[in-house]
Amino acid sequence: MMRYLLTLFAILTVCSSRGQQMDPAQLENLITSVSDTLQTNGNALQFLYKERMLICIYDENANRMRIISPIVEREQLEEDQLLNALVANFHSALDVKYALSDEIIWSVFTHPLRELSDHQVLDAIEQVYLAAFTFGTSYSSTNLVFPGNSGKKEKPRPKKILNKT
């Protein structure tokens, strides 16, 4: 009897850990539930979330999806802002990252599509929004910050002076 119960428990554990099989229709439903507007174009969903534009792009065949939000053009940034974004990618951006593409800084969340849960999609939308919103200040996607050198402004290194004699 005990062996039967242990086998049943193992099967239930494996089945419940598989999670939901996210698909484009469910993804669109979740985004619609929290967005102000939604425009679809093939496998891209563009929407407003708290007055910020976000884009969800998915590929069922590759089992990938990403939610992104444009932040600022590269030419408008100071070098320390880029360095701060890199530090934040390690300490405070958590599930999203700051990225540069086509000379635009983006807030980006990537994940396998089918393995996503409803909660993860909604959390990703909020984190992408917060990372974009806090760029230039706290550079964070949640209130959680990993310990370590989270001070964003790096001190310049002293230049070595070579004496020629």
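For the contacts on this tour, two residues count as touching when heavy atoms lie within 4.5 Å. Keep in mind that this is a predicted model.

Start by selecting Met-65. Setting aside neighbours within four places in sequence, Met-65 is in contact with Leu-27, Cys-56, Ile-57, Tyr-58, Phe-109, Thr-110, His-111, Leu-113 and Leu-116. Met-65 also belongs to the largest nonpolar core, which has 31 residues; Leu-27, Met-65 and Ile-67 touch the most other members. To see where this core comes from, colour helix H2 (24-34), S2, S3, S4, helix H3 (79-91), S6 and H4: each supplies at least two of its residues. H4 gives the largest share, six residues.

Now zoom out to the whole protein chain. You'll find four helices and six strands, and the pattern along the sequence reads α-α-β-β-β-β-α-β-β-α. Of the 165 residues, 32% are buried. If you draw the contacts between residues at least 6 apart in sequence, 61% of them join residues at least 24 apart.

Next, show the strands as a cartoon. In what order do the six strands sit in the sheet? The order is S1-S2-S3-S4-S6-S5, in an open sheet with antiparallel pairing. Strand S1 (37-41) and strand S5 (97-101) are the edges, each pairing on one side only. From one strand to the next, the twist averages 30°.

S5 and strand S6 (residues 104-112) run antiparallel and are joined by five bridges. Pick Ser-101 and look across: Ile-104 in S6 stands opposite.

Then bring up H4. This helix lies across strand S2 (44-49), strand S3 (52-59), strand S4 (64-73), S5 and S6, and runs at about 15° to S4.

Last stop: follow the chain past helix H4 (118-133) to Ser-141, in the segment after it. Is Ser-141 buried or exposed? With a relative accessible area of 1%, Ser-141 falls under the 20% cut-off, so it counts as buried. Show its surroundings and, not counting residues up to four places away in sequence, Ser-141 touches Ser-92, Ala-93, Leu-94, Asp-95, Val-96, Gln-127, Leu-130 and Ala-131. Finish with a distance label: a polar atom of the Ser-141 side chain lies 2.5 Å from the backbone oxygen of Ala-93.

Conventions:
Residues numbered from 1 in each chain as written. Predicted model: local features only at pLDDT ≥ 70, side-chain atom pairs only at ≥ 80, totals over all residues. Heavy atoms only, no water. Buried < 20%, exposed > 50% of the residue type's maximum accessible area, 1.4 Å probe, protein only. Polar contact = N/O pair within 3.5 Å; in protein donor to acceptor, adjacent residues only side chain to side chain. Pairing = 2+ DSSP bridges. Axes fitted to C-alpha atoms, helices over the stretch in contact; angles between N-to-C directions. Core = buried A, V, L, I, M, F, W, Y, C linked by side-chain atoms within 4.5 Å.
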